[in-house]
Amino acid sequence: MTATRDATANTDVLVVLVSHDGAPWLPRTLDALEAQTHPALDVVAVDNASTDGSRALLMDRLGEDRVLVTDRDIGFGAAVAMALDARGPDGPGYVLLLHDDLALAEDAVARLVTELDADPRLGAVGPKLRWWDRPDELYAVGWTIDVTGRADNGVDPGEIDQGQRDQDRRVLFVSTAGMLVRREVFDALGGFDRRYHLFRDDLDLCWRIWLTGHDVEVVPDAVGLHVGAAANYHRLGQTRFLGPRYFAERNTLATLLKNYGAARLVSVVPLFLLVGVAKVLGFLLTRRVSDAWQTVRAWLWNILHLRETWRYRRRVQSRRVRGDAELAGLFGQIAPRLRAYGEVMAAWIAGADVDPAPEPAHRTGPPAEPRSMVARSLELVRRRPSLVAGSTLVVLILAAVWPLLLPGELRGGDLAAWPDSPTAFLGNYVAGWNEAGAFGTSTAASPAQALLGVLHLAVGGSTYLAPRALLVLPLLVGWLLALRAAQEYSRRRPPRVVAATAYTLSPPVLAALTRGDVGALVVFAVLPGIVIGFATLSRRRSDASSAGRAVAGTALLTAVGAAFEPLLFAVVATAGATIAVVVVVRSTDRRWRLAVLARIAVATLAPFALLLPWSWELVTTPQALTSAVEPLGDPVWRWLLLAPDTAVFPGVVAGVGFVLAGVLGLVFGIRRSPWVVTLLWLAAVAGAVAAWWMDRTGIDAWPGLGLLVTAAAFAGLFAVAFAHGQAQLSRHAFGWRQLAALATVIGVVVSVVVVAVDLVTQRWEYYAVGEPPLPSFVASAAADRGDFRVLVVHATGDEVAWDVVDAEGPSMAAYRLRDEPRGLAWVREGVEDLVSGHDPRASDRLGLAGIRYVYAPGQPRDTAFATAMSTQDGAEPRPVATGLLYELTSWLPRAVVLPAEDAEAVATGGGVPDLDEVQVLRRTDPGTYRGHLEDEDAVILVAEPNDGQWVATARGATSSAQVDDLVRVNTPGAGAVVVSHTGSTARGLAVTGQLLVVLLTISLALRPPRFARSFGGREVGT
């Protein structure tokens, strides 16, 4: 200590102590200042408009001549300038900036001065900071920022100071809480930017010190105990009104604008704003509206003061002697932060072994021989089973679907042509009159359309990536969530990995992928997440906050899955009811039962509310869920074996292993986890029975959907078997138990391998890549005469299936859209007369529905359908490479204006007027047609089902549609006319309400409400 005193005895230091409402900490701060071993200290304090007695305390301890007083809070930088002005320019060469909540060790100033004396390149130094009330715990060891301005104090939360950070000396900036700065450097830089008031003034000053050729350093031997009162909300000051985040965000952006070089600034500002927008959205989603507003307000301040900031920038850049590249090592990297987030997420998904074998503390004996590639591979599998399995699964899936990855439009199963822009999905979803299907309809579109639009937007609007992502991403998401769900049944990673992989490579998943069943793939992806949610909300040791997240998460995942496959409503409701019964039977704690029942009720009913009004229309129109599908007629046992007799399933061999896994889980788990095993077996049987029942009752859903529940239950039972089997087998000598377990494992592996081989050798017959759905000239014909429709017919023997699409073919924007029954009824009668040959003018009735072409892809020319079409007077054959194509000679575009007498003739079946004699209205928006009328006595016909909400407007006059099957409106007068559907306002309000409910649910999932978080780790009912 004496050596330090001698080395610095002749160096005068001016201490500028700035205080604002610091009475709780000032006595200790002043005591520490008086105890300093460095003798040459001149102290001046600035009381920054304190209201808690700090001023009197300072005057009592320092004397009135050493205390300056302000009548308002002028900020830290201005207070320092006030003190330096009072002492004049000829004062001490070193200035110690001190906060009122920092207690320095007795030798701290001496050590800081010694460091400045020893190295003339140093412009500023600062102490190592520990927490005020936890003196062994690090607060900060210097500071840095990443390229976007996020500050990092260089220590981990709760890190104990054991000297591990003492080697990192050069830092971007040190805190003004105890910064020792050369007076000449400080004055040359112009001091602090007085606009900052508080926060990031230290970053700005030290950055400028570096730019002018000086260095900044932490002196780890100098220690200070810091409260961080303003940053930790112990003292609000100006932040009481504006908020601490406002000052931090505002000053950070201003500092970046001033100090970055031009080249770096061009790339940093957009990144800063991108991260900022994500931050604001995160604040809003977690209901931290104040933080979001403070961030936006900070940006607005910088915009309003941009001219002033630019003037500061010119001054800074004119003194620059170091480039950004020279200082790059002082800045933090974004990559480690992202990697840390990824590691946390991976740990949440994959988990870890509860009781891993300890590694030896040291090696004894001779060094080990180099290991072979096989040995290293086996070691990697043992240590990183999730990584190995996940990577293998990705390679397997990509290798299997490579024919679908070829360039070109991908169609097949539920996949149709994707719109050119994501706004087509979202526009159709919001529109009151949706025209994505065969006929327009005012019925609510499935929220799946909005989700498809979000997916399309997420892949950058690529029509190539969107359909392929819709097939592949559910497999990966399902595997990850299944890996997390398996933690509910097994404590070790290997069985969890095997269970998740078996679920992903199960027969119903292969069948759904083979036939392009998008709904089943989405259900496969969300089902493990729903399992996690129900397990968490019904687990007694779950705290209220976790349970709240589980309820919101379960509701969201159920809503996503039900938007694509409505039968998931029934699956979740059944699961919730079953768990509720178990809770009531098992628990005698009334409070606990009520809490769980309330959670289950919300988790099962909230998805229905999230999908309103579409979900309500499902209930009121149950016929939308029925169809006339020919049943397979397989017995229940084949469904339980995951092997119905259809080409899309790999066969009985693939399903036997899953049943064996279920039996093994029953044998090993029934004693340890009776309720879990019972529920899983109930789920397995219920899924198989549901699939069998759906096959026979004509439900408009793929029967294999129920088998996803069966496969998930068997995978869970397999994890249960491993969770309890090892301990049970170790208690018995080698015998039938071990053989049965080995046989089951082999059976599961064989089943997974069979499915994997079937996947890789799949011919993908349900898909087409690069083949247009309609002959190319059909789509181009829409430009010459107006919008039209195409009747697509598939005739096999006496069976005729048909569909109506627009000129560009079927669109993915029509996914799950229920066609207007009246529109289909128009066509159904005409098609029946067309294929039967009873009416040679049946094509005229189809022409009134806007149908211009009849197309039978792949249809031979010698069939009954071709014969029937040859009898139609108004159908002209057109040449195509394959199949049959006919153009109807009498047809009308979607919206036309007819003379009154022609409209009457059309209404009474008198035929279709010549297309050259009608005026065509052009479609501008969904449900809107525009044109210019010359004749006041005319009739507008729109080939859409009339739901009574169509009006025509011209020169302020309005006419409503007449009661008829199709839209028929008398013209309200000559001039510009608009024919529109009036349901857009109500639909817009409904979608807005739905969006608000969805955002609220997401917010609750991300950040449970305060009443839930207030329970902490306390169990409900205990």
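What follows is a chat about the labels and the values behind them.

Modeller: Keep in mind that this is a predicted model. The chain has 1022 residues, and 52% of them count as buried. Its secondary structure comes to 38 helices and 27 strands.

Biologist: How do you know how far to trust the chain, going by pLDDT?

Modeller: The mean pLDDT of the chain is 82, and 88% of its residues reach 70 or more. By element, strand 10 (residues 178-182) comes out highest at 94, while helix 1 (residues 2-8) is lowest, with a mean of 43.

Biologist: What makes residues 354-365 a stretch to handle with care?

Modeller: There pLDDT stays under 50, and the model has four contacts beyond four places in sequence for the stretch. Residues 1013-1022 also stay under 50, with 23 such contacts in the model. Where pLDDT is low, the predicted coordinates should not be read in detail.

Biologist: On to single residues. Why is Asp844 called buried?

Modeller: Asp844 has 11% relative accessibility, and the cut-off for buried is under 20%, so Asp844 counts as buried. You'll find Asp844 in helix 34 (residues 842-848).

Biologist: What makes the pairing of Asp844 with Arg841 a polar contact?

Modeller: The two side chains come to 2.6 Å. The limit for a pair of N or O atoms is 3.5 Å, so this pair qualifies as a polar contact. Leaving aside neighbours within four places in sequence, Asp844 is also in contact with Ser890 and Val912.

Biologist: And Asn428: why does that one count as buried?

Modeller: Asn428 sits at 12% relative accessibility. Asn428 is part of helix 16 (residues 422-430).

Biologist: What does the side chain of Asn428 reach?

Modeller: The backbone oxygen of Ala424, at 3.0 Å. Not counting residues up to four places away in sequence, Asn428 touches several others, including Gln449, Ala813 and Pro926.

Biologist: Why is His456 called buried?

Modeller: His456 has 0% relative accessibility; with the cut-off at under 20%, His456 therefore counts as buried. The residue belongs to helix 17 (residues 448-458). Beyond four places in sequence, His456 touches, among them, Trp418, Phe425 and Ala466.

Biologist: How far apart are His456 and Ala466 in sequence and in space?

Modeller: They are 10 residues apart in sequence, and 5.5 Å apart in space from C-alpha to C-alpha. For the chain as a whole, residues 24 or more positions apart account for 76% of the contacts with a separation of 6 or more.

Biologist: Let's go to the surface. Which residues form the nonpolar patch?

Modeller: Val277, Leu281, Leu284 and Val289, with about 340 Å² of accessible area together. Helix 10 (residues 262-285) gives the most to the patch, with three residues. Overall, the chain exposes about 45600 Å², and carbon and sulfur atoms supply 59% of that area.

Biologist: Why is Leu284 called partly exposed?

Modeller: Leu284, in helix 10, has 44% relative accessibility. Buried is under 20% and exposed is over 50%, with partly exposed in between, so Leu284 counts as partly exposed. Patch membership asks for over 30%, and Leu284 at 44% clears that value too.

Biologist: Last one: what kind of peptide bond joins Leu612 and Pro613?

Modeller: A cis one, with omega about 5 degrees. Pro613 lies in the loop between helix 24 (590-610) and helix 25 (614-620).

Note on methods: Residues are numbered from 1 along each chain as its sequence is written. This is a predicted model: local features need pLDDT of at least 70, side-chain atom pairs count only at pLDDT 80 or more; totals for chains, interfaces and linings use all residues. Side-chain values use heavy atoms; hydrogens and water are left out. Helices (H or I, at least four residues) and strands (E, at least two) are DSSP runs, numbered from the N terminus. Buried means under 20% relative accessible area, exposed over 50%, partly exposed in between (1.4 Å probe, protein chains only). A polar contact is a pair of N or O atoms within 3.5 Å; within protein, one must be able to donate a hydrogen and the other to accept it, and residues adjacent in sequence count only if both atoms are side-chain atoms. Contact means heavy atoms within 4.5 Å. Patches are made of residues with over 30% relative accessible area and no salt bridge: like charges are joined within 9 Å, nonpolar side chains (Val, Leu, Ile, Met, Phe, Trp, Tyr) within 5 Å. Accessible areas come from the Shrake-Rupley method with a 1.4 Å probe; for residues, only the protein chains shown count as cover. A salt bridge is a side-chain nitrogen of Lys or Arg within 4 Å of a carboxyl oxygen of Asp or Glu. pLDDT is the predictor's confidence in each residue, from 0 to 100.
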